There are 2 protein chains.
Amino acid sequence: MRVKNYRDVEAEVEAPGATMRWVIDAKDGAPNFALRVIELEPGASSPFHHHTWEHEVFVLSGQGAVRSMKGLTPIGEGDTILILGDEVHQLINEGDDPLRFICLVPNERPIR
Amino acid sequence: MRVKNYRDVEAEVEAPGATMRWVIDAKDGAPNFALRVIELEPGASSPFHHHTWEHEVFVLSGQGAVRSMKGLTPIGEGDTILILGDEVHQLINEGDDPLRFICLVPNERPIR
């Protein structure tokens, strides 16, 4: 068993205004999936992109939207998002505070 | 893609003072792992138990402790816990407010 506050994990800069912390992953011995915490500064967004694996997202704080091929859906604290493999997606901070969310991925992430 | 606030999911009573919401799981098409939100009222705890699958936990709010064979470790907001398969564990609310946490499990949970 291992207890660790996510703030004690180094935040890697993914893009301007976007950081990611790999809080629990295979390096810790997690056998199946990884827990990351992502923060987007106001106005920042992830790329509009897709991949073969799924995301499970839990929004911790902030206000924003998730974009799919069908358009934008508002997101805020307590919202969860299931993004299946190959679904195009983008998370966007539309608020005045950081948009903070947990984003889970499977350890196996095959690139087709 | 599916967006859903965890509060809109029915809270199942697991034990006195303990509820669980299955927010994202195989019924939604999640292929690998399930996201549950658990709330323990003040004084409540999960059983001191073990199983073959792992947990990945993220504490949303409240104050408490996680018990292992080595004793108690304090937990609060932003703490994460990796509990590997077969590790004995118990989460305990030691505060005055609900202890709210995300608890992830793999979809495959074999009973040995």
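## Nonpolar core

The largest nonpolar core has 46 residues, and those with the most contacts inside it are F58(A), F101(A), I102(A), F58(B), F101(B) and I102(B). A nonpolar core here is a set of buried Ala, Val, Leu, Ile, Met, Phe, Trp, Tyr and Cys residues joined through C-beta atoms within 7 Å. A residue is buried if 20 or more other C-beta atoms lie within 10 Å of its own, exposed if 12 or fewer, and partly exposed in between, with C-beta atoms placed from the backbone.

This is a predicted model: local features need pLDDT of at least 70, side-chain atom pairs count only at pLDDT 80 or more, and totals for chains, interfaces and linings use all residues. Residues are numbered from 1 along each chain as its sequence is written, while chains are lettered from A and ligands numbered from 1 in the order in which they are written.

Leaving aside residues up to four places away in sequence, F58(A) touches T80(A), F101(A) and I102(A), and also L35(B) and I102(B) of chain B. Two residues are in contact if their C-beta atoms, placed from the backbone, lie within 7 Å.

## Seven-stranded sheet

An open sheet of seven strands runs in the order β1(A)-β8(B)-β5(B)-β10(B)-β4(B)-β3(B)-β2(B), with antiparallel pairing. The edges are β1 (2-5) of chain A and β2 (12-15) of chain B; each has a single partner strand, so one side of each is left without a neighbour in the sheet. From one strand to the next the twist averages 25 degrees. Strands are DSSP runs (E, at least two residues) numbered from the N terminus, and two of them pair if DSSP finds at least two bridges between them.

V59(B) stands opposite F101(B) in β10(B).

## Three-stranded sheet

In chain B, three strands form an open sheet in the order β7-β6-β9, with antiparallel pairing. β7 and β9 of chain B stand at the edges with a single partner strand each, so one side of each lacks a neighbour in the sheet. The twist here averages 30 degrees from one strand to the next. β6(B) and β9(B) are joined by four bridges, and G64(B) stands opposite N93(B) in β9(B).

## Interface and symmetry

35 residues of chain B are in contact with 35 residues of chain A. β8(B) gives the most to the side of chain B that touches chain A, with five residues. By class, that side has 19 nonpolar, eight polar and eight charged residues. Ala, Val, Leu, Ile, Met, Phe, Trp, Tyr, Cys and Pro count as nonpolar, Asp, Glu, Lys and Arg as charged, and the others, Gly among them, as polar.

A rotation of 180 degrees with 0.0 Å of shift along its axis superposes chain B on chain A, with an RMSD of 0.0 Å. The two copies are thus related as by a two-fold rotation axis. The same surface serves both copies, as 100% of the contact residues of chain B recur in chain A. The superposition is by least squares on the C-alpha atoms of residues with pLDDT of at least 70 in both copies.

## Positive phi

D86(A) has a positive phi of about 75 degrees although it is not a glycine. D86(A) is found in the loop between β8 and β9 (90-93) of chain A, and counts as exposed because it has 11 C-beta neighbours inside 10 Å.

Methods. Axes fitted to C-alpha atoms, helices over the stretch in contact; angles between N-to-C directions.
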